[in-house]
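Me: Please take a close look at one helix in this model. I want its ends and one residue inside it.

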Amino acid sequence: MENKYGFYALLDRMQYINRWALMRNSRYENLKEHSFDVAVISQALAVIHNKLVDEGKTSITLNPLEVEAYGLYHDCTEIITGDMPTPIKYRNETLKKAYKEVEKEAAESLVSQLPDDMKEYYLSMLMPDDSDEKGLLMHKLVKAADRISAYIKCSREKLAGNNEFDSAITTIKDSIDIIDLPEVKVFMNDFIPSFGLTLDQLNK
């Protein structure tokens with residue numbers, strides 16, 4: 001069979017990239033399921049944000065489905081780059097800048113596996129424009145969703161009795177607490193506690 005366009009087949013391989021690879025996991029989390037989690041949380045943050053618009057607390061209205069899509073594609077370039085630990089990515093400005101360039105090249109490599117008339121759209125998903133106020137806000141919400149997803153993962157590991165994640169959960173919670181977005185505080189207060197409940201407790 002002729003290989004015409006491999007973009008979606010490459011995306012499917014996200015299931016083979018394990019996150020937290022240097023840590024002992026009670027259950028491994030792959031990049032594909034992490035991307036789903038970030039997409040769901042990103043959408044929720046956008047919905048909460050729009051409620052704040054209705055209440056007159058902010059002025060930028062977002063399309064939750066667009067924010068969800070950014071969340072879904074936020075780590076797709078790791079199909080090519082692999083999952084680099086966050087402390088390494090952001091260790092200093094030189095590494096941060098170099099990794100951004102690697103991400104850009106990885107995104108361009110991925111969209112090269114698409115027909116020409118689809119490339120621009122998917123490049124905008126893989127490397128969204130955050131140069132204006134709305135784009136920057138969407139970027140911040142997806143980054144926050146990524147942190148929240150990591151916090152949920154650490155919480156699950158802790159509930160499983162895995163002390164490997166003791167330091168990570170504290171560091172990640174601290175990084176979430178300093179995010180200056182009311183949407184994040186609402187999500188953490190109203191939705192995160194349920195993740196510690198059993199199925200029977202959730203169904204009550």
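Reply: At the start of helix 2, a side-chain oxygen of Asn-30 comes within 2.9 Å of the backbone nitrogen of Lys-32. Helices here are DSSP runs of H or I, at least four residues long, numbered from the N terminus. This is a predicted model: local features need pLDDT of at least 70, side-chain atom pairs count only at pLDDT 80 or more, and totals for chains, interfaces and linings use all residues. Residues are numbered from 1 along each chain as its sequence is written, and side-chain values use heavy atoms, with hydrogens and water left out.

Now the length. Helix 2 has 24 residues, which at 1.5 Å a residue should span 34 Å; its end C-alpha atoms lie 35 Å apart, so the two agree. The expected span is 1.5 Å times one less than the number of residues. Just after helix 2, Gly-56 has a positive phi of about 75°.

Next, the residue inside. His-34 sits in helix 2, which covers residues 31–54. His-34 counts as buried because its relative accessibility is 0%; buried means under 20% relative accessible area, with a 1.4 Å probe and protein chains only. Two side chains make polar contacts with that of His-34: Ser-149 at 3.1 Å and Arg-19 at 3.5 Å. A polar contact is a pair of N or O atoms within 3.5 Å; within protein, one must be able to donate a hydrogen and the other to accept it, and residues adjacent in sequence count only if both atoms are side-chain atoms. Setting aside neighbours within four places in sequence, His-34 also has Glu-29, His-74, Asp-75 and Asp-146 among its contacts, meaning heavy atoms within 4.5 Å.

Terms used:
Helices (H or I, at least four residues) and strands (E, at least two) are DSSP runs, numbered from the N terminus. Buried means under 20% relative accessible area, exposed over 50%, partly exposed in between (1.4 Å probe, protein chains only).
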